[in-house]
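Me: Could you take a close look at how the helices pack in this one? I'd like a connected walk through the contacts, with the charged pairing and the surface included.

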Amino acid sequence: MSSNAEGPDLGEKLSAPPDFNGPTTKRQMTDILCTVLLWCMWIAMTGLGLYAMQQGDYRLILYPLDYDGNLCGTNKGQVDMTDYPFLYYVNDFSGGVCVKECPKLENLTDPKTLVTYSGLYQVDGSYITTDDIAMADYSYNNDTLACTETLCYPNNDPEQSFTSYGVNMGKGFSYYAMDTYELMWRCVFTDEARDALDAVVNPNNENNLTSVIGTMASQNEQIKEGYNIWSNLYGDLWVARYYILGLGFGTPLVVGFVYSLFLRIPLVLPFMVWFSVVATIAIVFGGAYYAGELATEWKNADPPMYTDDNIKIARYGSYALYAFGGLLAIVFLFMRKRIQLAMGCVKEASKAILRLPLIILFPVIQALGFAAFMIVWTVYSAYIASMGEFKTEQIDTVPGLFISVRYFVFSDFIKKSGWFMLFCFFWSGQFIISIGEIIFAMSISKWYFARDKKKVGSGAVISSITTSIWYHTGTAAFGSLIIAIIQMIRSAIAYLQKKADEMDSSLAKAILCCLQCVVLCFEKIFKFINKNAYIQTAIFGTSFCTSAKEAYCLIMRNAARIIAITYVSGGVVFVGKMFITTLTTGAAYFVLDHELRDELYSNIGPLFFIALSAWFISGMFMGVFDMGIATILQCFVADEEMYGDSQSMYAEGSLKNWVEDHGKSSEKRGCME
């Protein structure tokens, strides 16, 4: 290496070995320790998942829990509740009883019938029968409080009943028979039923019924923290698991494959890119309009079918989509010249991809591998979330009268297991991307360093797959581990941001926001380093650290051209990823809303994972072009350093002219626009 007194040592220029004929064939396994660590992680995840499948029960996160710890709709608990899948709330501590069906009352409410922990309690004037509310038998529990005239219905007076010990304005062990609708196997009171009951038990409006049971939001903070968040999220993911798999993997797989095929055709490329820009913005604004109309429809529904929380989510989601659509329009407007330049980058990469048609199919293999991992990961995660413990809380609602409430809590082990599973998700996902980038780079570098490029075909892709997996799995694991660690740090900061928001600490929120931005910048930097290191590994067969160092030196010796072209080349890649992701997520929303509207607590969780999966898979397809551009560019500067401007260079004349034109002019045009 030569030293440079005026700056950092960037190494000597590359010199061509006498027998150089493209990517080296003399390879050895690189970064073996990281391969071992990756397998250790997968083995640990499998062991944890199998342990959770023995100790847990996924039904715990799907079905509601009654006041005595029985799971409605299952045989999990002291009593077999298989025939009683729905939970009827009896108080706003989430205490309830299992019923066969959510009651549908023609008169909206029967204030003379109380649903209690021990069964139905009726006084003179009641009109419903046990067929209207088919409740499970709780007679086995001798400790359960039972209604009497004194405790629940003094003097047969509804007003006195509402403030009695047994009802206690929704904080006792009994509550009135009400008209309900089903939501996630819970019986939620209709607004009309509440109004009808209020007119009977609270005619003078002396007591406020808005805090009484009827919505999920009325549960106490301990139950929310310990059960609701995990249960609702994993429950929604479990219920929609087949849709997540089909829509989150199948749809972007088809769209991404077709999209990539069209991008290879030079004449179709401009139309595809600008159509994608317009279509992406249109999909976002269309989704915003639909969500707003849906919120209005839900609010005006008679009888109401959705909670206020669901209506707010739809309304705020509409506002967020309008804002996101406007932001996208502004971003695309400022990127328009960069996108135009990027088309030239893609055209050059397309020449290689046209000679290597099998390379377009490899993202399908990547996506199938990621889908297989996600199936296993989701099952393991669901069982881990179900390993919580039942806790009993005695709530002193009135002096001398305690209400027993059972709920689900998670131990530190389960919470730590959740973080570990998140790390497994990050590392495995990044590894799948990384090994693909090495394969792409090796395939394209074989095409570039061929004297007769017309003879290079899909056989180069097959040999690159076998070589990369056999020799360079460790290098892919090394680079992906770095990104996974950074993403874990970002997740930890996001968790602290949530806590700071709960504490309403403006200073903490500002500091954490800045920290999140700094860590995000580090992630972008390391992804750039990784990508170029993989190209060096693909060509020369070196380990990650050596490849990263050599790639850095090569880039810095040719900084102007590489940075300028790299900057503009991301335009088309970004457009493609946004188009595939928004199209997939928009379609998934309509499917979930049509098929699972009454079975999901919220479609936000499934949609988030579908969008994440679509972004991931679209990145695989667009990564073919992104990696193609980066590989060709790095091969070109290496080729130029080894052979200069002589006729021995592997680059074709059109490629030389294109790099020279855009490497110089893009530095001015691309970076300034």
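Reply: Contact here means heavy atoms within 4.5 Å. Keep in mind that this is a predicted model.

Let's start with H15 and H17. On the H15 side, Ala551, Leu554 and Arg557 make the contact, and on the H17 side they meet Gln634, Val637, Ala638 and Glu641. Helix H15 covers residues 544–557 and helix H17 covers residues 604–643; their axes come within 11 Å and cross at roughly 75°. Since angles from 65 to 115 degrees count as roughly perpendicular, that makes H15 roughly perpendicular to H17. Sorted by type, the residues of this contact are 4 nonpolar, 1 polar and 2 charged.

Now for H13 and H14. The axes of H13 and H14 are 10 Å apart, and the helices pack at an angle of about 170°. With anything over 145 degrees counted as roughly antiparallel, H13 is roughly antiparallel to H14.

Glu523 forms a salt bridge with Arg490, and their closest N and O atoms are 2.9 Å apart. Glu523 sits in helix H14 (residues 506–540) and Arg490 in helix H13 (residues 473–503), so the pair ties together parts that are 33 residues apart in sequence. A search of the whole structure turns up 6 salt bridges.

Finally, the surface. Met29, Ile32, Leu33, Val36, Leu37 and Trp470 form a nonpolar patch there, with about 620 Å² of accessible area together. Helix H1 (residues 32–55) gives the most to that patch, with 4 residues. Leu33, for one, has its place in helix H1.

Note on methods: Residues numbered from 1 in each chain as written. Predicted model: local features only at pLDDT ≥ 70, side-chain atom pairs only at ≥ 80, totals over all residues. Heavy atoms only, no water. Axes fitted to C-alpha atoms, helices over the stretch in contact; angles between N-to-C directions. Helix = DSSP H or I, 4+ residues; strand = E, 2+ residues; numbered from the N terminus. Parallel < 35°, antiparallel > 145°, perpendicular 65-115°, else oblique. Nonpolar A, V, L, I, M, F, W, Y, C, P; charged D, E, K, R; others polar. Patch = residues over 30% accessible without salt bridge, like charges linked within 9 Å, V, L, I, M, F, W, Y side chains within 5 Å. Areas by Shrake-Rupley, 256 points an atom, 1.4 Å probe, with all protein chains shown as cover. Salt bridge = Lys/Arg side-chain N within 4 Å of Asp/Glu carboxyl O.
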